[in-house]
Amino acid sequence: MTRKAALFLLAIVLVVLLLPAAVISLGPSTEPAPPEGGSSDDEAGEKNKGLQIQLYRADMDRVVRMDLEAYLEGVLLAEMPSTFETEALKAQAVAARTYALQQMRSLGGEGCSETPVPADICTQSGHCQAWLDPEKTVAQWGPEGEVLLERIRAAIAETSGEALLYRGKLIEAVYHSTCGGKTEASHALWSGGELPYLQSVNCPYCKHSPHYRGEHLIPIARLVEVLPQELALPVASGEQLQLELVSSTPGERVGTLKINGMPVEGPELRRLLELPSTAFVWEIKEEGLLLHTRGKGHGAGLCQYGADGAAKAGKNYRQILMFYYPGVEIAKFIP
Ligand SMILES: [Zn+2]
Ligand SMILES: [Zn+2]
């Protein structure tokens, strides 16, 4: 074998060895095989660098196009305390990237349904993912902001292009602040049936969250004011307040309850009473309804404070993601 032929053979062997098993290609790829000596991990990162997302900025009332990876900086700034552990930031980066990819219309997603003009995603936390302009935010936060943004950038770069997949498809990577000890199954929250990776799991990691437990006293007068008339009427007319749990969810949250015999769904009551979550028990007091709440947010998928707690307990971002989205695969996403 000539020296040239031997080098050629070596190059081929290297390329084969460097092809990671985890690279999953969704849909046709028009790109040729990675060049000799090039890792396809890098290539997936490079490709995602080229992915552009159309973001509806509620603050400007217009759609802006930006690099997906750059978009994630604003999401991490808005969605997770930047002081969280590095592995938690990395888990959040992968979840947020997956969420965004899943909505992108150029990849077959449906985009955001709440914008006045078509867009992939909006900046409203109650709808898509919250987002803050990194430049403006850092200018407001000062030198500390610079440090935090650097941590966020590192978390995004270290998980570059990685997404959560189930049977080769992007998952619905929902997340929330604090589960309070048990996450929620998606079918208890949204229509569309059970999702195997969004089941209820026991979370021992979010006890340090300020939202782990809460107490909310709702005076009778406020109850009468915010409840729909049919629910408020008996209470308003002086009837003794009575609550009865009709059903609870797999995540031990209120499914349906009855207020003086009238049924109301947990999420509806949460909205009306502005409660942090639908996980609550109650006491009827002289002054009103005393609710003991657990957690903050819908409770499905990644528990953000839990991710921070799990990272403090030594888990890496992959272990964290596999814990909150059981059965998923973490892989470089190649459109
Ligand atoms: Zn939206
Ligand atoms: Zn939790």
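This is a predicted model: local features need pLDDT of at least 70, side-chain atom pairs count only at pLDDT 80 or more; totals for chains, interfaces and linings use all residues.
Residues are numbered from 1 along each chain as its sequence is written, while chains are lettered from A and ligands numbered from 1 in the order in which they are written.

**Stop 1: two helices**

Select residues 86–103, helix α4, and then 143–158, helix α6. (Helices are DSSP runs of H or I with at least four residues, strands are runs of E with at least two, and both are numbered from the N terminus.) The pair packs at an angle of about 60 degrees, with axes 8 Å apart; axes are lines fitted to C-alpha atoms, for helices over the stretch in contact, and angles run from 0 to 180 degrees between N-to-C directions. That makes α4 oblique to α6 (under 35 degrees is roughly parallel, over 145 roughly antiparallel, 65 to 115 roughly perpendicular, and the rest oblique).

Now show the side chains where they meet. Thr-86, Leu-89, Lys-90 and Ala-93 in α4 touch Arg-151, Ile-152, Ala-155, Ile-156 and Glu-158 in α6; contact means C-beta atoms, placed from the backbone, within 7 Å.

**Stop 2**

Next, pick β8 (213–219), β12 (280–285) and β13 (residues 288–294). They form an open, antiparallel sheet in the order β8-β13-β12; strands pair if DSSP finds at least two bridges between them. β8 and β12 are at the edges with a single partner strand each, so one side of each has no neighbour in the sheet. Zoom in on β8 and β13: seven bridges join them, and Gly-214 sits opposite Thr-293.

**Stop 3: a hairpin**

Move to β9 (residues 243–248) and β10 (residues 254–259), an antiparallel pair joined by five bridges. Leu-243 has Ile-259 as its bridge partner in β10. Five residues lie between the two strands of this hairpin.

**Stop 4: two positive phi angles**

Most residues other than glycine have a negative phi. Stay in the hairpin's turn and click Glu-252, where phi is positive, about 55 degrees. Is Glu-252 exposed, partly exposed or buried? Glu-252 is partly exposed, with 17 other C-beta atoms within 10 Å (20 or more is buried, 12 or fewer exposed, and in between partly exposed, with C-beta atoms placed from the backbone).

Finish at Arg-167, in the loop between β5 (162–166) and β6 (169–170). Arg-167 has a positive phi of about 50 degrees and is exposed, with 10 other C-beta atoms within 10 Å.

Terms used. Two residues are in contact if their C-beta atoms, placed from the backbone, lie within 7 Å.
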